[in-house]
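Colleague: Could you take me through how such features are read from a model, beginning with the aromatic rings?

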Amino acid sequence: MVLKVLNIKPTLVAYNVLIHGYGKQGLHKEALEIFEGMRQDGYKPTDVTYNSIISTMARAQDFKKAAQLLRRMKREGGLPTVRMYVDVIRCFTKCNMTREGHKVILQ
């Protein structure tokens with residue numbers, strides 16, 4: 001990341017903006033790398049962070065990663081939004097895995 005090269009530690013807001021922006025542009029892998037980098041820099045993801053990365057993974061139809069992130073958020077005490085559930089359900093539906101999506105939501 002450019003900020004790392006400049007020896008500048010990004011703020012949590014900067015990370016959230018980057019994750020959201022990469023996700024909107026279809027750069028799912030990059031968004032996930034930034035998410036992991038944020039955690040390595042010692043930031044705890046917020047509900048906004050999780051909303052962006054879960055939506056990104058759902059748009060990429062990476063249902064396993066989207067579900068994994070949703071479970072991780074819950075474990076860390078986050079409160080998933082209705083939008084997050086809708087994104088995960090849509091993702092499973094697009095992949096013809098409605099039953100699996102139902103299981104994730106029930107968990």
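**Aromatic pairs**

Modeller: The count comes to 2 aromatic pairs, under the rule that rings of Phe, Tyr and Trp (its six-membered ring) pair if their centres lie within 6.5 Å, with planes under 30 degrees apart counted as stacked, over 60 as edge-to-face and the rest as tilted. This is a predicted model, in which local features need pLDDT of at least 70 and side-chain atom pairs count only at pLDDT 80 or more, while totals for chains, interfaces and linings use all residues. Residues are numbered from 1 along each chain as its sequence is written, and side-chain values use heavy atoms, with hydrogens and water left out.

Colleague: How are the rings of Tyr15 and Tyr43 placed, and what kind of pair is this?

Modeller: A pair of aromatic rings is described by the distance of the centres and the angle of the planes. For Tyr15 and Tyr43 the centres are 5.7 Å apart and the planes stand at 65°, so the pair is edge-to-face. The pair links distant parts of the chain, 28 residues apart, with Tyr15 in helix α2 (residues 12-24) and Tyr43 in the loop between α3 (28-40) and α4 (47-59); helices here are DSSP runs (H or I, at least four residues), numbered from the N terminus. Tyr15 is buried at a relative accessible area of 0%, whereas Tyr43, at 23%, is partly exposed, where buried means under 20%, exposed over 50% and partly exposed in between (1.4 Å probe, protein chains only).

**Charged side chains**

Colleague: How many salt bridges does the count come to?

Modeller: A salt bridge is a side-chain nitrogen of Lys or Arg within 4 Å of a carboxyl oxygen of Asp or Glu, and by this rule the count comes to 2. In one of them, Glu36 meets Arg72 with the closest N and O atoms 3.5 Å apart; this pair links distant parts of the chain, Glu36 being in helix α3 and Arg72 in helix α5, 36 residues apart. Glu36 is partly exposed at 26% relative accessibility, while Arg72 is buried at 14%. A salt bridge also joins Glu76 and Arg39, at 2.9 Å from N to O; Glu76 lies in the loop between α5 and α6 (82-94) and Arg39 in helix α3, so this pair ties together parts that are 37 residues apart in sequence.

Colleague: What surrounds Lys65, and which side chain of opposite charge is nearest?

Modeller: For charge, Lys and Arg count as positive and Asp and Glu as negative, with His and the chain ends not counted. Lys65, in helix α5 (residues 63-75), is buried yet has no salt bridge, and the nearest side chain of opposite charge, Glu36, is 4.6 Å away. Leaving aside neighbours within four places in sequence, Lys65 is in contact (heavy atoms within 4.5 Å) with Leu32 and Met57.

**Helix α3**

Colleague: Which residues of α3 are buried, and what covers them?

Modeller: Ala31, Leu32, Ile34, Phe35, Gly37 and Met38 are buried in α3, and what covers the buried residues includes α2, α4 and α5. Just after α3, Gly42 takes a positive phi of about 95°.

Notes. Helix = DSSP H or I, 4+ residues; strand = E, 2+ residues; numbered from the N terminus.
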